[in-house]
Amino acid sequence: MQRLALFDLDNTLIDLDGAFLSWAEEFAEEHRLGRKAIDHLVKLDRNGLPHRELFFLKVRERFKLSASARELWAAYRRRMPHLVQCRPEVMAKLTELRALGWRVGIITNGTADNQFGKIQQTGLADAVDGYAVSGIEGIRKPDVGLFEIAARRCGADLAGGGWMVGDHPVSDIGGGHTAGLRTVWIRRGSWAGHERPPDHVVTDVTHAMDILRDTGMTPERH
Ligand SMILES: [Mg+2]
């Protein structure tokens with residue numbers, strides 16, 4: 001199997017939940033919503049309103065804000081790239097994998113400005129061989145088309161196999177499986193209710209990188 005590793009971005013390579021909390025604190029302060037509003041925003045985020053347009057419609061209604069949901073969402077997308085970080089140990093292990101001959105890519109769903117901004121601001125743009133953002137390509141995980149684009153950007157072909165690492169059971173693990181890749185799931189919540197179990201389950205992306213490194217060191221049998 002070729003040494004190709006595709007990684008999801010949010011809550012895989014970067015701590016989106018941590019950045020979201022920072023954003024919620026700033027937002028509550030800016031709009032003078034009080035501390036309780038922070039919990040409300042976080043709960044709204046965790047309880048399945050990942051689509052930001054819907055999220056900001058609710059937020060606007062709840063806090064009776066004068067700005068439109070679209071404006072609030074745009075401000076969020078401008079700010080988030082400055083709040084996310086990629087931990088140094090994650091960067092170091094990406095570098096290690098590439099030094100061992102791995103091609104490494106990012107495959108992420110989201111708007112062009114927000115996702116591209118995060119990839120740039122964290123320095124990940126220079127730490128990988130390529131990336132594919134759904135908002136730029138017009139196609140979303142789990143569609144195999146986005147996996148094909150990501151692989152190509154890394155100078156690889158899905159036909160040669162490889163790995164997909166991510167935290168979303170359907171977009172990342174289901175999508176990776178359909179794309180013919182082996183999968184590592186970064187556990188968030190429960191797997192129950194999802195088909196196609198991952199090949200490995202870890203709690204941190206660096207553990208997934210260790211698995212890939214060790215697998216790549218095993219001589220392939222022909
Ligand atoms: Mg994710």
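Guide: Domain bounds come from an automatic or database domain assignment. Here that assignment divides the protein into domain 1 (4–15 + 85–217) and domain 2 (16–82). This is a predicted model: local features need pLDDT of at least 70, side-chain atom pairs count only at pLDDT 80 or more, and totals for chains, interfaces and linings use all residues. Residues are numbered from 1 along each chain as its sequence is written.

Visitor: How many residues does the contact take from domain 1 and from domain 2?

Guide: Two residues are in contact if their C-beta atoms, placed from the backbone, lie within 7 Å. The contact takes 10 residues from domain 1 and 8 residues from domain 2. For classes, Ala, Val, Leu, Ile, Met, Phe, Trp, Tyr, Cys and Pro count as nonpolar, Asp, Glu, Lys and Arg as charged, and the others, Gly among them, as polar. On the side of domain 1 that touches domain 2 there are 1 nonpolar, 5 polar and 4 charged residues.

Visitor: At what angle do the axes of α1 and α2 cross?

Guide: Helices (H or I, at least four residues) and strands (E, at least two) are DSSP runs, numbered from the N terminus. Axes are lines fitted to C-alpha atoms, for helices over the stretch in contact, and angles run from 0 to 180 degrees between N-to-C directions. The axes of α1 (residues 16–30) and α2 (residues 36–46) come within 9 Å and cross at roughly 140°. Angles under 35 degrees count as roughly parallel, over 145 as roughly antiparallel, 65 to 115 as roughly perpendicular and the rest as oblique. α1 and α2 are therefore oblique to each other.

Visitor: Which residues of α1 and α2 meet?

Guide: Phe20, Leu21, Ala24, Glu25, Phe27 and Ala28 of α1 meet Ala37, Ile38, Leu41, Val42 and Asp45 of α2. By class, this contact has 9 nonpolar, no polar and 2 charged residues.

Visitor: In what order do the strands of the sheet lie?

Guide: Strands of a sheet pair through backbone hydrogen bonds, either parallel or antiparallel. Two strands pair if DSSP finds at least two bridges between them. In this model 6 strands form an open sheet in the order β3-β2-β1-β4-β5-β6, with parallel pairing. The edge strands, β3 (130–133) and β6 (200–202), each pair on one side only. From one strand to the next, the twist averages 20°.

Visitor: Which helix touches β4 and β5?

Guide: β4 (residues 163–166) and β5 (residues 182–186) run parallel and are joined by 4 bridges. Gly166 has Trp185 in β5 as its bridge partner. Helix α10 (residues 169–178) packs on the sheet, touching β4 and β5, and its direction makes about 170° with that of β4.
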